[in-house]
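Hi everyone, thanks for making time today.

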Amino acid sequence: MEKSPGKKNTAVFISGRGSNLKSLIKYSKTKKSLIRIVLVVSDNLSAKGLIYANKSKINNIVIKYSNRKTFEGRLLKLLKRNNVDLICLAGFMKILSGKFIKQFYKPILNIHPSLLPKYKGLNTHNRAIQNKDKYSGATVHIVNHKLDSGKIILQKKVKILKTDSEKSLAKKVLKIEHKIYSKAIIKLLASD
Ligand code: GRF
């Protein structure tokens, strides 16, 4: 009999809109999904993304950031209690410390709206347009102790047109983000 690897218990961390969370939930509900979203964490009580977690009856919690030690300590306990095997950052605006990454000891993925290593940090679309880049795109990468610098799992390009504004480019890139996050998860877990 074929061995079934089982689904990875996944936590998604958000801070705002949650459109990537929405697409991950959609993927997790497909027959062939390799993940089960067991937890959604937000550091922001008014994150719109919490609506998607509630709609799909996914356990979710808001942890207010007071200081890093307390915040990450609470996170680690929560992750352990929920047997989380994989964290997906999806618009999560807090930087996780090297200590947290080491202590969690399992993969943490992030999605970033640029062709890394270009444009780490914020304002990626504006910077790509200002530099007259021909392409932008989205990247899913492993999170390490340096901002937006971990191993790239998957990247997809989109053409920047002369007529593109920051807003129109952001829209195009977001569309790509929704496609590649689940593909990157499949790629990561296939190499497990
Ligand atoms: C996305 O553009 C993602 O790449 C970046 O933050 C944004 C989050 O969007 N890290 P959403 O909350 O998933 O809609």
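Let's begin with His-125, which is buried, with a relative accessible area of 12%. I call it buried because the cut-off for that word is under 20% relative accessible area. Please keep in mind throughout that this is a predicted model. You can find His-125 in helix α5, which covers residues 124–130. What is His-125 in contact with, leaving aside its neighbours within four places in sequence? The partners are Pro-113, Glu-166, Leu-169, Ala-170 and Val-173.

That brings me to helix α6, which spans residues 166–190.

Now for the charged pairs. Side chains of opposite charge can pair when their charged atoms come close. How many salt bridges does the count come to? The count comes to 4, and I'd like to show you some of them.

One of them is between Asp-43 and Lys-94, where the closest N and O atoms are 3.0 Å apart. Asp-43 sits in the loop between β2 (35–42) and α2 (50–55), while Lys-94 sits in the loop between β4 (86–89) and α4 (98–104), so this pair ties together parts that are 51 residues apart in sequence. Is Asp-43 buried or exposed? Asp-43 counts as buried, at 13% relative accessibility, whereas Lys-94 is partly exposed, at 25%.

Another salt bridge joins the side chains of Asp-85 and Lys-106, at 3.6 Å from N to O. This pair, too, links distant parts of the chain, 21 residues apart. Asp-85 is in the loop between α3 (68–81) and β4, and Lys-106 is in the loop between α4 and β5 (108–112). Asp-85 is partly exposed, with a relative accessible area of 24%, and Lys-106 is partly exposed as well, with 38%.

Then there is Lys-172, which forms a salt bridge with Asp-164; here the closest N and O atoms are 2.5 Å apart. Lys-172 is partly exposed, at 24% relative accessible area, and Asp-164 counts as buried, at 12%.

Which two residues are joined by a cis peptide bond? They are Leu-116 and Pro-117, with omega about 10°. Pro-117 belongs to the loop between β5 and α5.

Next, look at Asn-83, where phi is near 50°, a positive value in a residue other than glycine. Asn-83 is in the loop between α3 and β4, and counts as exposed at 52% relative accessibility. The cut-off for exposed is over 50%, so Asn-83 qualifies.

Lys-132 also has a positive phi, about 55°, although it is not a glycine. You'll find Lys-132 in the loop between α5 and β6 (135–142), and Lys-132 is exposed, with a relative accessible area of 71%.

That's my tour, and I'm happy to go back to any part of it.

Conventions. Residues numbered from 1 in each chain as written. Predicted model: local features only at pLDDT ≥ 70, side-chain atom pairs only at ≥ 80, totals over all residues. Heavy atoms only, no water. Helix = DSSP H or I, 4+ residues; strand = E, 2+ residues; numbered from the N terminus. Buried < 20%, exposed > 50% of the residue type's maximum accessible area, 1.4 Å probe, protein only. Contact = heavy atoms within 4.5 Å.
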